[in-house]
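Thank you all for making the time this morning.

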Amino acid sequence: MNRSELVAALADRAEVTRKDADAVLAAFAEVVGDIVSKGDEKVTVPGFLTFERTHRAARTARNPQTGEPIQIPAGYSVKVSAGSKLKEAAKGK
């Protein structure tokens, strides 16, 4: 399912226009991105998903073409965890 299909499904389910559903989806993505980029808290949609920023330590890797070791600096990543209702849906229950 791509974004336009998701917007159409949301609009049908919530009985709103596609434009309104798209605006809500865009606002949700923006709010989650803002909160995760700050890193002080995680975003939880109960039973569905949890988004949080995680720290990745600096590490040594290998260049696959030359085999030389290269340094990868420390940085941040995003951890997304499925909630209980989403896990049950994936099991087909």
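Predicted model: local features only at pLDDT ≥ 70, side-chain atom pairs only at ≥ 80, totals over all residues.

Helix α1, which covers residues 3–14, packs against helix α2, residues 18–38, at an angle of about 115°, and their axes are 8 Å apart. Since angles from 65 to 115 degrees count as roughly perpendicular, α1 and α2 are therefore described as roughly perpendicular to each other. As for handedness, α1 passes α2 in a right-handed crossing.

Which residues make this contact? On the α1 side they are Arg3, Leu6, Val7, Ala8, Leu10 and Ala11, and on the α2 side they are Arg18, Ala21, Asp22, Leu25 and Ala26.

Now to the strands, where I will start with the open sheet. It is formed by three strands in the order β1-β2-β5, and the pairing is antiparallel. The edges are β1, residues 43–45, and β5, residues 75–82, each of which pairs on one side only. From one strand to the next, the twist averages 25°. Looking at one of these pairings in detail, β1 and β2, the latter covering residues 49–56, are joined in the antiparallel sense over three bridges, and Val45 stands opposite Leu49 in β2. Helix α2 comes back into the picture here, as α2 packs on the sheet and touches β1, β2 and β5, with its direction making about 35° with that of β2.

There is a further strand pair to point out. Strand β3, residues 59–62, and strand β4, residues 69–72, run antiparallel and are joined by four bridges, and within this pair Ala61 stands opposite Ile70 in β4. Together β3 and β4 form a hairpin with six residues between them, and in the turn Gly67 has a positive phi of about 80°.

Finally, how is the chain divided into domains? The domain assignment gives domain 1 as residues 1–37 and domain 2 as residues 38–92. Taken over C-alpha atoms, the centres of domain 1 and domain 2 are separated by 23 Å, and the contact between the two takes six residues from domain 1 and nine residues from domain 2.

That is where I will stop, and I am happy to go back to any part of the model.

Note on methods. Residues numbered from 1 in each chain as written. Heavy atoms only, no water. Axes fitted to C-alpha atoms, helices over the stretch in contact; angles between N-to-C directions. Helix = DSSP H or I, 4+ residues; strand = E, 2+ residues; numbered from the N terminus. Parallel < 35°, antiparallel > 145°, perpendicular 65-115°, else oblique. Left-handed = near helix turned anticlockwise from the far one by under 90°. Contact = heavy atoms within 4.5 Å. Pairing = 2+ DSSP bridges. Domains from an automatic or database assignment.
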